[in-house]
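Me: I'm new to this one. Can we go through it together?
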Amino acid sequence: MKILLHICCAPCAIYPLESIKSKNHQVKGLYFNPNIHPLEEFNKRKETLKEYAKMIDLDVVYFDDYMEEKWPSFGDKRCLNCYHIRLDFAFKYAKENGFDAVTTALLVSPYQDHELIIKIANELSKKYQIAFYYEDFREGYRYGREVARSLGLYSQKYCGCILSRQEREAELTLKGRTL
């Protein structure tokens with residue numbers, strides 16, 4: 001199959017890429033993450049993915065849409081909206097560009113709402129008439145982090161949006177540390 005992998009960051013992409021390729025599928029990356037705050041962090045994650053993609057000869061398409069001002073208004077539904085915005089874009093792109101299926105590196109993180117991601121992806125699969133390639137990549141989360149560290153790749157300290165950054169800063173402040 002020709003699979004489009006939505007990639008949030010290089011460390012999270014490592015295990016899913018290896019797993020998909022080990023099954024002899026073709027894979028192309030998609031970097032579309034308008035939720036990342038601040039812009040410097042967005043660019044750092046994008047540049048790290050470019051560095052990693054070059055190391056492994058991965059074709060990735062990058063989109064620089066940036067929606068920082070919208071995230072605080074999402075409140076309690078921020079993760080739902082965040083997943084939906086990014087996955088909808090990925091499915092639409094895949095449909096328009098002849099892919100057989102879509103998946104996301106978000107499925108590697110034990111910190112993401114796995115079931116919500118699956119639910120949204122299945123709905124979008126029906127909407128765009130393109131398969132959702134599901135695999136529980138969480139078993140490879142630590143492995144991906146270790147590989148990223150060994151390659152000297154940047155690894156972020158929070159999910160991405162302004163609200164997750166504020167939560168992480170508050171958590172670290174209680175421990176006497178900073179981002």
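Me: Leaving aside neighbours within four places in sequence, which residues is Glu41 in contact with?
Reply: This is a predicted model. In it, Glu41 is in contact with Ile36, Tyr154, Gln156 and Tyr158, leaving aside its neighbours within four places in sequence.

Me: Is Glu41 buried or exposed?
Reply: Glu41 is buried. Its relative accessible area is 7%, and buried means under 20%.

Me: Which helix does Glu41 lie in?
Reply: Helix H2.

Me: New topic, the sheet. What is the order of its strands?
Reply: The order is S3-S2-S1-S4-S5. The sheet is open, with five strands and parallel pairing.

Me: Which strands stand at the edges?
Reply: Strand S3 (60-62) and strand S5 (131-132). Each has a single partner strand, so one side of each has no neighbour in the sheet.

Me: And where does helix H2 pack?
Reply: Helix H2, residues 39-56, packs on the sheet and touches S2 and S3. Its direction makes about 160 degrees with that of S3.

Me: How many bridges pair S1 and S2?
Reply: Five, in the parallel sense. S1 covers residues 2-6 and S2 covers residues 26-31. Ile3 stands opposite Val27 in S2.

Me: How do the lining residues divide: how many nonpolar, polar and charged?
Reply: There are 15 nonpolar, six polar and 11 charged.

Me: Which helices each supply at least two residues of that lining?
Reply: H4 (78-96), H6 (141-151) and H7 (162-174).

Terms used
Residues numbered from 1 in each chain as written. Predicted model: local features only at pLDDT ≥ 70, side-chain atom pairs only at ≥ 80, totals over all residues. Heavy atoms only, no water. Pairing = 2+ DSSP bridges. Helix = DSSP H or I, 4+ residues; strand = E, 2+ residues; numbered from the N terminus. Contact = heavy atoms within 4.5 Å. Axes fitted to C-alpha atoms, helices over the stretch in contact; angles between N-to-C directions. Nonpolar A, V, L, I, M, F, W, Y, C, P; charged D, E, K, R; others polar. Buried < 20%, exposed > 50% of the residue type's maximum accessible area, 1.4 Å probe, protein only.
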